[in-house]
Amino acid sequence: MYSLLPLFSLIIPLSMGILHILLHPFWFLEPFFKKIGKIALLSGTGLTLITSLSMVPYVLDSEIRVLEVPQLSLYVDLRNIAGIVTVALIFFLTSIYNVKAEKEGRLKPTMYNFFLLLFLCCMLGLLLSHDLFGIYLFVELTVGVSVVLVAHNPSKLSTEAAFKYLIITAISALFVLLGTLIVFILAGNSDLFAIMNTPDIQTRLVENPHFLMLAVACFIVGLGADIGLVPFHGWLPDVFPGSTITINGFFCAEPIALILALYNLVYPFYVIYPSPVIIALMVGLGLISMLSGALLAYPQKNFYRMLAYCSIDEFGHSIFALGLLTSSISFVAGQYYLMNSALMKTGMILSLGSVFFTSGTGETELLGGLLGKMNKTALSYVICALSLTGVPPLGGFYAKLLLYNAAYEFLLPLGGIAGAVLILLLLVSISMISFIFLIRSFHRIFMGETTEKLETAKEVHITMWLPTVVLAAVAILFGLQPNILLSLIGVP
Amino acid sequence: MEIIVLAALTISVVVTTCGVFVKTTRQLIRLLAIQAAVIGLVELMFCLVNLLMGLGFEGLIDFFATFAEWFSSAVVSPLIIYWGMIKTENVNSQPIVSVKRGGIILVAIIVSNIVLCIFTSSLLPANIESLPFVSIMFSLSVLITATRTDPLAILVGLNMAENSFYPIFAESPLVLIPFMLALMVFVNLVGIFIIIEAYRDYGTMSIRKWRWAD
């Protein structure tokens, strides 16, 4: 059905962002804006969340199913609605957290709000767009804006991290551009639906398999570096400690857009030219990332670096599941895993942000005994961490279950029962490692005796603990009623 | 491939090669401007000829889009980086590899690309026959980025890598060009913003000394 709702979901954050930047030259308004800036950001993300939620009934209606603006190649259906709602929800909750957590940084409040709302717009654009050039533009813009947001932190850590991030992701964007141009030159069209559904275009693509594979490899390498998959992850462990606690929360939404964009770029070409090399690339990168992420997170003493490597592990799981392209449930498993891990990671990062806010350190060895002083934060952290590692009856349990099902279904015809069970055991072992280092971090930060420095520590403001408690409640809700999220995910 | 295109691409490769060995940031910025100017000039001339031959409004739009693209990469981007240099310093530093080693890597890159070109020449569709040149220039630009410690030189290498895509970039739809240009300028501005802030924080233009962990 033709609808302007997808367009509105982009225009709302963009126009509010532009409104902020228009205020920027009026220096005499700065004190006034400082008072209302955070509320303005909250209303921008809140309105975007409402617009996103308003699309859900249409998509679930069996007579409508698709909302589209075909002139701009913007589509909303069961393939991306869960991602859109999750991104908007993460932004809204983090905006609430931002009210008390955000202190002044390198960017003026107007510019800070502009870049955050632009960031939201870019990610929604990435999820909505089904045009190769549209995806490229949104990828580059998303990455550019996130580099600026990393540099917002006034500490010395941020500039080095931001520069490293800029260089790696700018080179990776060139790979995405190369892939896009190759496909466009071969197909003569940049609309992914047109490419998938036009036999003439498909014939032209299949006649040039080497270039098609080169384009797919460029997409995987380019977006893999933007996501932070191993071996292109060099920037990620610096960006987490280098960013402010609020920006880290907003960043949790980024992988949803980038990973689904990667799937949107790879899947149509697998349908046209079903080469096992594509699966091998996706699954291989996923496996390496989850294994390296878990093993590198284990010895970390700084909780931000631990979470950075833990994120690589989670991205690896999602890419692994989405890469099992022959399995009938891979898309559902991959997307469910992605949404759950993004939400849980947001809960954990915001909880640890509150710890950093109170204690001023990210070193777990300098912390301890915060359970009695920050009980709501501690409870949220442990629930989100347990959900992330797949402990029942939390949402993560179903994410892992679906992933293992998809992996088993994929591996059974290839390696028999022995091969399938072996890989499943590897996956379970990786989850066990995650479980150990996350529970250990909880023990180090929240249990034991309070250090002298933390004697006066107390629970953070309600605007900071409320979003984390909501996310912990989501973990329990998804555990008891996984269908809430599953009903929003459909097979392409 | 037409002889004028071949000449322009060859000159661009030579200019990019020179970039591997120059010492100062100022020289590298000049090379960036020359590389972008040469690589885009052929397309610009084609558009101008089409305009003069009387292709009308469509030709005019095409010419202005190509001119904007050329002007942005050959003038605007180098000027942004030059402004960054004025705000910081014109670093006089050798690449981290010696001239001898740099030369060996350079020859290896060019030879491997030529071999690849020979093997893939029969597979290349007519409108991406410049891909081997793109590949050589891209590899050399990445070499510049990887062998420098001056952040502005790294940014120049990044721009050179982006410029190397120009021959196939010309195939993209006209409507996208303003967005692509805005993005190119945005990325450069972001880069310069970070470099200036880092220079203020660390007081040096060597990224090796930007080590907060130490």
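1. Helices (H or I, at least four residues) and strands (E, at least two) are DSSP runs, numbered from the N terminus. Arg200(B) and Glu197(B) lie three residues apart in helix α8 of chain B, so about one helical turn separates them.

2. This is a predicted model, in which local features need pLDDT of at least 70 and side-chain atom pairs count only at pLDDT 80 or more, while totals for chains, interfaces and linings use all residues. Residues are numbered from 1 along each chain as its sequence is written, chains are lettered from A and ligands numbered from 1 in the order in which they are written, and side-chain values use heavy atoms, with hydrogens and water left out.

3. Over all chains, the structure holds eight salt bridges (a side-chain nitrogen of Lys or Arg within 4 Å of a carboxyl oxygen of Asp or Glu). One of them joins Arg200(B) to Glu197(B), with the closest N and O atoms 3.1 Å apart. Arg200(B) is exposed at 62% relative accessibility, whereas Glu197(B) is buried at 13%. Here buried means under 20% relative accessible area, exposed over 50%, and partly exposed in between (1.4 Å probe, protein chains only). A network of salt bridges links Arg106(A), Glu197(B), Arg200(B) and Asp201(B).

4. In chain A, Lys164(A) and Asp238(A) form a salt bridge through their side chains (2.5 Å, N to O). The pair links distant parts of the chain, 74 residues apart: Lys164(A) belongs to helix α6 (residues 156–187) and Asp238(A) to helix α10 (residues 236–242). Lys164(A) is partly exposed, at 25% relative accessible area; Asp238(A) is buried, at 7%.

5. Asp238(A) also meets Arg305(A) in a salt bridge (3.4 Å, N to O). This pair too links distant parts of the chain, with Arg305(A) in helix α14 (residues 303–323) and Asp238(A) in helix α10, 67 residues apart.

6. Between the chains, the axes of helix α5 (residues 132–151) of chain A and helix α8 (residues 177–202) of chain B come within 10 Å and cross at roughly 15 degrees. Axes are lines fitted to C-alpha atoms, for helices over the stretch in contact, and angles run from 0 to 180 degrees between N-to-C directions. The two helices are therefore roughly parallel (angles under 35 degrees).

7. Where α5(A) meets α8(B) (heavy atoms within 4.5 Å), the residues include Phe133(A), Tyr136(A), Glu140(A) and Gly144(A) on one side and Phe179(B), Met180(B) and Phe186(B) on the other. By class, this contact has 16 nonpolar, one polar and one charged residues. Ala, Val, Leu, Ile, Met, Phe, Trp, Tyr, Cys and Pro count as nonpolar, Asp, Glu, Lys and Arg as charged, and the others, Gly among them, as polar.

Terms used: Parallel < 35°, antiparallel > 145°, perpendicular 65-115°, else oblique.
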